[in-house]
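What follows is a short report for a reader who is meeting this protein for the first time. Please look over the sequence and the model before reading on.

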Amino acid sequence: MPELSRFLGIVIAMYFNDHNPPHFHVLYNEYDAEIEIKNLTVLEGKLPARVLGLAMEWAELHKDELMENWNLLQSGKKYNKIMPLI
């Protein structure tokens, strides 16, 4: 699973050829959630409230880059790292 970004112990990742709708994974300790890129809604899983808030803040800033990476990974191309939340 390609790691797109990492900050404050939170890992943002995507799978190659993953199912629709376009989404990314947020991993934090034993937690895992899938977040839809377009509407920033949780599709599956759960995260601590603080972690979910940070992930959503980060995703709002990087929606275009997330969508670009989704398209790259779906076509088997190399993905791009995304700046962490600072």
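In what order do the elements of the protein run from the N terminus on? The model, which is a predicted one, has two helices and five strands, and from the N terminus on these elements follow the order β-β-β-β-β-α-α.

The overall dimensions come next. Because a compact globule with 86 residues would have a radius of gyration near 12 Å, the 12 Å of the protein agrees with that expectation. Taken along the principal axes, the box that the C-alpha atoms fill is roughly 35 × 25 × 20 Å.

Some whole-protein values are collected here.

| Property of the protein | Value |
|---|---|
| Share of the 86 residues that count as buried | 42% |
| Accessible surface | about 5000 Å² |
| Share of the accessible surface that belongs to carbon and sulfur atoms | 53% |
| Share joining residues at least 24 apart, among contacts between residues at least 6 apart in sequence | 36% |

As for charge, the protein has 8 positive and 12 negative side chains, and the centres of these two sets lie 3 Å apart.

Definitions and conventions
Residues are numbered from 1 along each chain as its sequence is written. This is a predicted model: local features need pLDDT of at least 70, side-chain atom pairs count only at pLDDT 80 or more; totals for chains, interfaces and linings use all residues. Side-chain values use heavy atoms; hydrogens and water are left out. Helices (H or I, at least four residues) and strands (E, at least two) are DSSP runs, numbered from the N terminus. The radius of gyration is taken over C-alpha atoms; the globule rule is 2.2 Å times the number of residues to the power 0.38. Buried means under 20% relative accessible area, exposed over 50%, partly exposed in between (1.4 Å probe, protein chains only). Contact means heavy atoms within 4.5 Å. Accessible areas come from the Shrake-Rupley method with a 1.4 Å probe; for residues, only the protein chains shown count as cover. Lys and Arg count as positive and Asp and Glu as negative; His and the chain ends are not counted. The place of a charge is taken as NZ of Lys, CZ of Arg, CG of Asp or CD of Glu.
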